[in-house]
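Keep the structure open while you read.

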Amino acid sequence: MITREQIPTVLDHPVHDARGDKIGDARHVFFDDVTGEPEWVSVRTGLFGTSESFVPIHDAALVEDHLEVPYAKDQVKDAPNVDIDAGGHLSEQEEERLYQYYGINWDAAWQDARSGTGQTTGTTGTTGTTGTTDDAMTRSEEEMHVGVERREAGRARLRKYVVTEEQQYTVPVRHEEVRVEREPISDTNRDRAMTGPDITEAEHDVTLYEEQAVVETRAVPKERVRLTTEEVTEEETVTGEVRKERIETEGTDEQGDQRRRR
């Protein structure tokens, strides 16, 4: 349970879920109209802190410099949007809707808060400042905080496959052909010519050779291919809206002195 005295420590401080993940920053604390105790805290969430989600503060606890609530970050960020009237007041119907979302027994909580009070109102009030009151008015502004988040942009893959190409090469090939040579009988070859029989039948074979082109393929390593990544920095312009409070004076001039009536 958060007390009224701890509200200054809660406002504008981080809010973490049960796992320790930061949900956002506490923006406002809402009090029960009957008991006057803190009932809800609005948490500024979103990438630029432009959304506010309501979360029960009853079971929250201050842990060092942040508020810890027993709810998951996604559950808080997906809480239903509720309407706040011009006086910063949360209606009983909106409060009941939030109770149902967080799984809290509305009837039991309503009876516990009002037991012994004799009152029947079921709305809550809100504050965006501390529990003390003085003569000064606080002017606040929303500041834009731009960050970056890392996300997956695509995938690259190396895939090896086989294609068949037709290649042509021209190589010289040799072959043998028969050529008939006739040699007249002369004194030089007469002895060899007369060694055989006078007249007979005979045959003489000559083997012819030729070269043919032969194709053989071998796998030969050619190159190594790998994927690497490199970071490229680019400038990207983002646009958002921030709200700023303005304070006007009535009955005084620009120097703050009270105007005289004539």
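Strand β3 and strand β4 (residues 51–56) pair in the antiparallel sense over six bridges. Two strands count as paired if DSSP finds at least two bridges between them. Helices (H or I, at least four residues) and strands (E, at least two) are DSSP runs, numbered from the N terminus. To find one spot in this pairing, look at Thr45, which stands opposite Ser51 in β4.

This is a predicted model, in which local features need pLDDT of at least 70 and side-chain atom pairs count only at pLDDT 80 or more, while totals for chains, interfaces and linings use all residues. Residues are numbered from 1 along each chain as its sequence is written, and side-chain values use heavy atoms, with hydrogens and water left out.

Now stay with β3. The strand covers residues 38–45. Is it mostly covered or open? Mostly covered: eight of its eight residues are buried. Buried means under 20% relative accessible area, exposed means over 50%, and partly exposed lies in between (1.4 Å probe, protein chains only).

Next comes the other partner of this strand. Strand β2 (residues 22–32) pairs with β3 in the antiparallel sense, over six bridges. Here Phe31 stands opposite Pro38 in β3. The two strands form a hairpin with five residues between them. In the turn, Gly36 has a positive phi of about 75°.

How much of β2 is buried? Eight of its eleven residues are, so the strand is largely enclosed by the rest of the structure. Asp32 is found in this strand. Asp32 counts as buried because its relative accessibility is 4%. Now look across to Leu90. Asp32 and Leu90 are 58 residues apart in sequence, but their C-alpha atoms are 9.5 Å apart in space.

Strand β2 also pairs with β1. Strand β1 (residues 14–16) runs antiparallel to β2, and three bridges join them. Pro14 stands opposite Asp25 in β2. These strands form a hairpin too, with five residues between them. Gly20 takes a positive phi near 95° in this hairpin.

Asp25 leads on to the charged side chains. It forms a salt bridge with Lys22, and the closest N and O atoms are 3.4 Å apart. A salt bridge is a side-chain nitrogen of Lys or Arg within 4 Å of a carboxyl oxygen of Asp or Glu. Lys22 counts as partly exposed, at 42% relative accessibility. Asp25 is partly exposed as well, with a relative accessible area of 22%.

How many salt bridges does the structure hold? There are twelve. One of them joins Arg155 to Glu152, with the closest N and O atoms 3.4 Å apart. Arg155 is exposed, with a relative accessible area of 72%. Glu152 is exposed too, at 56%.

Another salt bridge joins Glu211 to Arg174, with the closest N and O atoms 2.8 Å apart. Glu211 lies in the segment after α5 (190–193), and Arg174 lies in the loop between β7 (124–127) and α5, so the pair ties together parts that are 37 residues apart in sequence. Glu211 counts as partly exposed, at 34% relative accessibility. Arg174 counts as exposed, at 60%. Some charged residues form a group: Arg27, Glu52, Glu142 and Arg243 are linked in a network of salt bridges.

Last, consider confidence. pLDDT is the predictor's confidence in each residue, from 0 to 100. The protein chain averages a pLDDT of 81, and 82% of the residues score at least 70. Which elements mark the two ends of the range? Among the elements of the chain, β1 has the highest mean pLDDT (92) and β7 the lowest (45). Over residues 116–133 the pLDDT is below 50. Beyond near neighbours in sequence, this stretch has 53 contacts in the model. Contact means heavy atoms within 4.5 Å. Residues 258–262 also have a pLDDT below 50, and that stretch has five contacts beyond near neighbours in sequence. Where pLDDT is low, the predicted coordinates should not be read in detail.
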